[in-house]
Amino acid sequence: MLELAQSLTLNEEALKSLPENKRPLFVFEWLRFLSKVLSAAHRSDIKECQTKMVEQLIQQMYNSPGPPVRNLIGKNLSALYNVGDTFALFETINKCNDIIKSKDDSPSYLPTRLAATTWVLPRRRILTNAATLSSPIVQPLTSNVKDCESVVL
């Protein structure tokens with residue numbers, strides 16, 4: 001069944017057909033495969049499915065991922081925008097920012113917030129210097145990083 005995880009987009013039909021306890025492993029295998037493929041991919045390889053891949057990666061943030069999955073989501077989003085088009089980059093940043101700014105302070109939401117932070121945080125310098133972004137976007141990110149550090153450490 002893990003061979004079904006080896007495609008550029010997450011095979012959602014195969015994922016739904018799996019028992020609940022096997023789904024995280026399937027997603028993890030897809031993310032690992034994607035990480036390997038994106039490092040050698042060309043823009044033409046991912047052009048048609050980039051939008052769906054971004055949506056699927058962001059959706060995985062909402063599944064309360066653990067550290068390995070969070071890191072793979074961040075790595076894959078970065079690789080996807082490095083290789084592919086950057087047309088939806090700011091939309092993705094805004095979605096992650098919405099996750100970070102969420103009023104949900106429950107411990108179960110923390111992994112989701114950390115997943116968004118894992119991807120956005122390395123872009124902090126770019127975000128801070130970008131003329132199109134204002135301090136209302138950067139401020140919650142900085143505040144969230146401090147909150148997350150206090151919980152993790």
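Select Arg113 to start: with 9% relative accessibility, Arg113 counts as buried (buried means under 20% relative accessible area, exposed over 50%, partly exposed in between, with a 1.4 Å probe and protein chains only). The model is predicted, so local features need pLDDT of at least 70 and side-chain atom pairs count only at pLDDT 80 or more, while totals for chains, interfaces and linings use all residues. Residues are numbered from 1 along each chain as its sequence is written, and side-chain values use heavy atoms, with hydrogens and water left out.

**The partner of Arg113**

The side chains of Arg113 and Asp105 form a salt bridge, at 3.6 Å from N to O (a side-chain nitrogen of Lys or Arg within 4 Å of a carboxyl oxygen of Asp or Glu). In contrast to buried Arg113, Asp105 is exposed, at 64% relative accessible area.

**Helix H7**

Select residues 110-120, which form helix H7. Helices (H or I, at least four residues) and strands (E, at least two) are DSSP runs, numbered from the N terminus. H7 is mostly covered, with ten of its eleven residues buried. Among the buried residues are Leu110, Pro111, Leu114, Trp119 and Val120, as well as Arg113.

**The whole chain**

Zoom out and colour by secondary structure. The protein has nine helices and zero strands, and its elements run α-α-α-α-α-α-α-α-α from the N terminus on. Of the 153 residues in the protein, 44% are buried. Of the contacts (heavy atoms within 4.5 Å) with a separation of 6 or more, 67% are between residues 24 or more positions apart.

**H4 against H5**

Select residues 50-61 (H4) and 67-83 (H5). These two helices pack at an angle of about 160 degrees, with their axes 10 Å apart. That makes H4 roughly antiparallel to H5 (angles over 145 degrees; under 35 count as roughly parallel, 65 to 115 as roughly perpendicular and the rest as oblique). Axes are lines fitted to C-alpha atoms, for helices over the stretch in contact, and angles run from 0 to 180 degrees between N-to-C directions.

Show the side chains next. On the H4 side, Gln50, Met53, Val54, Leu57, Gln60 and Met61 meet Ile73, Asn76, Leu77, Leu80 and Tyr81 of H5. The residues of this contact divide into eight nonpolar, three polar and no charged (Ala, Val, Leu, Ile, Met, Phe, Trp, Tyr, Cys and Pro count as nonpolar, Asp, Glu, Lys and Arg as charged, the others, Gly among them, as polar).

**H4 against H6**

Val54, Ile58 and Met61 of H4 touch Thr92, Lys95, Cys96 and Ile99 of H6. The residues of the H4 contact with H6 divide into five nonpolar, one polar and one charged.

**Lys95 and Glu91**

Stay on Lys95, which is partly exposed at 32% relative accessible area. Which residue forms a salt bridge with Lys95? Select Glu91: its closest O atom and the N atom of Lys95 are 3.5 Å apart.

**Last stop: Glu20 and Arg23**

The count of salt bridges comes to four. One of them joins the side chains of Glu20 and Arg23, at 3.1 Å from N to O. Glu20 counts as exposed at 58% relative accessibility, and Arg23 as partly exposed at 25%.
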